[in-house]
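This briefing goes through one protein model, topic by topic. Please look at the sequence and the 3D view before reading on.

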Amino acid sequence: MITVRIFDKAGLLYGFEVTGHSGSAPSGEDIVCAAVSSAAYMVANTVTDILGFQAEVLTGEALMRLKITDSRSSEAQALLKGFQQHIAALCGEYPKNIKIVKGVD
């Protein structure tokens with residue numbers, strides 16, 4: 001199962017961590033993993049390369065972590081809320097493969 005932890009402190013989103021594998025299909029054919037990974041990389045690349053925000057980005061086997069140093073900007077909040085909404089929609093379609101957890105890091 002993929003676990004998506006949304007970092008939220010007092011209603012202010014500041015990042016996320018995606019861990020695990022969905023297990024819905026063999027590696028390379030798993031559309032659930034592909035959808036979640038694509039969304040996570042799009043947000044991380046937009047935050048760092050397009051918006052130019054300082055952020056901690058960590059990737060590894062079955063891991064993607066993004067923490068924005070100053071996430072108070074409206075652009076950062078909109079992007080993170082859009083990611084959260086997208087993941088929630090995927091979770092609704094694939095509840096056996098994705099779970100969402102909120103919390104602070």
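Is Phe7 buried or exposed? Phe7 has a relative accessibility of 0%, so this residue counts as buried. The model is a predicted one.

- Five strands form an open sheet in the order β3-β4-β2-β1-β5, and the pairing is mixed.
- At the edges are β3, residues 55–60, and β5, residues 98–103, each of which pairs on one side only.
- From one strand to the next, the twist averages 15°.
- The pairing of β1 (residues 2–9) with β5 is parallel and runs over six bridges.
- Within β5, Lys102 is the bridge partner of Ile6.

**The helices on the sheet**

- Helix α1 covers residues 31–50 and packs on the sheet.
- The strands touched by α1 are β1, β2 (12–19), β3, β4 (63–68) and β5.
- The direction of α1 makes about 30° with that of β4.
- Helix α2, made of residues 74–93, lies across β1, β2, β4 and β5.
- Relative to β2, helix α2 runs at about 45°.

**Helix against helix**

- Two packed helices are described by the angle between their axes and by the distance between the axes.
- For α1 and α2, the axes come within 11 Å and cross at roughly 180°.
- An angle over 145 degrees counts as roughly antiparallel, and therefore α1 is roughly antiparallel to α2.
- On the α1 side, the residues that meet α2 are Ala35, Val36, Ala39, Ala40, Met42, Val43, Thr46 and Val47.
- On the α2 side, the residues are Leu79, Leu80, Phe83, His86, Ile87 and Leu90.
- Sorted by class, this contact of α1 with α2 has twelve nonpolar residues, two polar residues and no charged residues.

**Aromatic pairs**

- A pair of aromatic rings is described by the distance of the centres and the angle of the planes.
- How many aromatic pairs does the structure hold? There are two aromatic pairs.
- Tyr14 has a relative accessibility of 13%, so Tyr14 counts as buried. The cut-off for buried is under 20% relative accessible area.
- Phe16 and Phe83 also form a stacked aromatic pair, with 4.2 Å from centre to centre and 25° between the planes.
- Phe16 is in strand β2 and Phe83 is in helix α2, so this pair ties together parts that are 67 residues apart in sequence.
- Phe16 and Phe83 are both buried.

**Two loop residues with positive phi**

- Where is Ala10 found? Ala10 is in the loop between β1 and β2.
- The phi angle of Ala10 is near 55°, which is a positive value in a residue other than glycine.
- Ala10 counts as exposed because its relative accessibility is 85%.
- Ala62 has its place in the loop between β3 and β4.
- Phi of Ala62 is near 60°, again a positive value in a residue other than glycine.
- With a relative accessible area of 26%, Ala62 is partly exposed.

Methods: Residues are numbered from 1 along each chain as its sequence is written. This is a predicted model: local features need pLDDT of at least 70, side-chain atom pairs count only at pLDDT 80 or more; totals for chains, interfaces and linings use all residues. Side-chain values use heavy atoms; hydrogens and water are left out. Two strands pair if DSSP finds at least two bridges between them. Helices (H or I, at least four residues) and strands (E, at least two) are DSSP runs, numbered from the N terminus. Axes are lines fitted to C-alpha atoms, for helices over the stretch in contact, and angles run from 0 to 180 degrees between N-to-C directions. Contact means heavy atoms within 4.5 Å. Angles under 35 degrees count as roughly parallel, over 145 as roughly antiparallel, 65 to 115 as roughly perpendicular and the rest as oblique. Ala, Val, Leu, Ile, Met, Phe, Trp, Tyr, Cys and Pro count as nonpolar, Asp, Glu, Lys and Arg as charged, and the others, Gly among them, as polar. Rings of Phe, Tyr and Trp (its six-membered ring) pair if their centres lie within 6.5 Å; planes under 30 degrees apart count as stacked, over 60 as edge-to-face and the rest as tilted. Buried means under 20% relative accessible area, exposed over 50%, partly exposed in between (1.4 Å probe, protein chains only).
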